[in-house]
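This report is meant for a reader who is meeting this structure for the first time. Please look over the sequence and the model before reading on.

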Amino acid sequence: MSSVQLTCWQPSPTRLDLDRQTAHLWRFRLDLSAAEIGTLTHLLSAEEQHRATRLRDPAKGAHFIVGRGRLRQILARYLDCPPTVIEFSSTAQGKPHLTACKGLSFNLAHAGEWGVLLVAAGSEVGVDIEQIDPRLDFEQVVARYFSAAEESAMQRCPAPRQRRFFFRLWTRKEAGLKYQGCGFSAPLSATDSKARSRLFTPARGYLGALTVVDRIAVVQRWDF
Ligand SMILES: CC(C)(COP(=O)(O)OP(=O)(O)OC[C@H]1O[C@@H](n2cnc3c(N)ncnc32)[C@H](O)[C@@H]1OP(=O)(O)O)[C@@H](O)C(=O)NCCC(=O)NCCS
C-alpha cells in the first residue's frame, strides 16, 4: 500500500479546496498573548467557556481556549460562516464533530506550545502530537498501554533509539485510536484495515501522527 504524501508547511491559500483524496493538516501556536486569548474566548460557546474555567491549571485553560478558537476560525473558512455559529456535538466517547455538517470531519490535538487540526471531507480522521520529553519514564507507559507485539518491538530496538521509537509508536497509536473515536477506551490492539497512518514533525522537539482512510493520498499542511 502506498503511503500518504505530505506537503511542506505553507501559509494557507485564500481558497481551500478539499476533495475526497486530500486532507488538510493545520498547525498553530498555543502560547498567545492575553489579548489574543481574550479575542478567541469570545468565539467560544458558553459551554466551551465554562469548560475552560473548570480547568484548574490556567495554562491548560488558555490552551483549551486557543485550540477551540482556532478550530472555529479554521472550520469557518470551509463552512463559509462566522466562527461563533458553529455547533459541535460529541460521540459517547467524547470525539467532537460538527452537528450540522456531517460531510466535514476533523480532529484536534495539542501538546506543549503547539496545536494541530486535521480536516477531511467524507471520512473520519485522527491526529496526535507529543512534545518529546527527555525525562519521561516511557517504560511505565509501555507496560500499561502497549500490546505484547508493540512491547517486543520496543525490546528489539537498540537502547539509544528506544525513546524516539516509543514516541513514534505512541503517537501512531493515539492517532489511530482518535481516528476510531474511542480513545483509550478501545482494546489496545484495535486497528482499522481501511486506515493508514503517517508520522510528521509539527515543530522542533515535537512528533505528530495522523490517521486517515486509505483513499486519502495527499495531506496538505497549512500554517495558521
Ligand atoms: C481522547 C484522548 C485520546 C485525547 O488524548 P490527549 O492526548 O489527552 O489529548 P489530544 O491533545 O491528543 O486530543 C484532545 C482533543 O481530542 C478530541 N477528542 C476528545 N475525545 C476524543 C475521542 N474519543 N476521539 C477522538 N478525538 C477526541 C478533542 O477535540 C480534544 O480536544 P478539546 O477537548 O480541546 O476539543 C484521550 O483523552 C482519551 O483516550 N480519552 C478517553 C476517552 C474515553 O475513554 N472515554 C470514555 C467515555 S465512554
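## Basis of the description

Residues are numbered from 1 along each chain as its sequence is written. The model is predicted, and local features need pLDDT of at least 70, side-chain atom pairs count only at pLDDT 80 or more, while totals for chains, interfaces and linings use all residues. Helices (H or I, at least four residues) and strands (E, at least two) are DSSP runs, numbered from the N terminus.

Five strands make up an open sheet of mixed pairing, in the order 1-10-2-6-5, where two strands pair if DSSP finds at least two bridges between them. Strand 1 (5–11) and strand 5 are at the edges with a single partner strand each, so one side of each has no neighbour in the sheet. From one strand to the next the twist averages 20 degrees. Helix 3 packs on this sheet and touches strand 2, strand 5 and strand 6, its direction making about 30 degrees with that of strand 6; contact here requires that the C-beta atoms of two residues, placed from the backbone, lie within 7 Å.

Strand 6 (residues 114–121) is mostly covered, with seven of its eight residues buried; a residue is buried if 20 or more other C-beta atoms lie within 10 Å of its own, exposed if 12 or fewer, and partly exposed in between, with C-beta atoms placed from the backbone.

Strand 7 and strand 9 (residues 206–213) pair in the antiparallel sense over seven bridges, and Glu130 stands opposite Leu207 in strand 9.

## Helix 1 against helix 3

The axes of helix 1 (residues 34–41) and helix 3 (residues 58–79) come within 9 Å and cross at roughly 55 degrees. That makes helix 1 oblique to helix 3, since angles under 35 degrees count as roughly parallel, over 145 as roughly antiparallel, 65 to 115 as roughly perpendicular and the rest as oblique. Axes are lines fitted to C-alpha atoms, for helices over the stretch in contact, and angles run from 0 to 180 degrees between N-to-C directions.

In the contact, Ile37, Leu40 and Thr41 of helix 1 meet Ala62, Ile65, Val66 and Gly69 of helix 3. These residues divide into five nonpolar, two polar and no charged, where Ala, Val, Leu, Ile, Met, Phe, Trp, Tyr, Cys and Pro count as nonpolar, Asp, Glu, Lys and Arg as charged, and the others, Gly among them, as polar.

## A loop residue

Asp80 lies in the loop between helix 3 and strand 3 (88–90). Its phi is near 55 degrees, a positive value in a residue other than glycine. Asp80 counts as exposed because it has 7 C-beta neighbours inside 10 Å.
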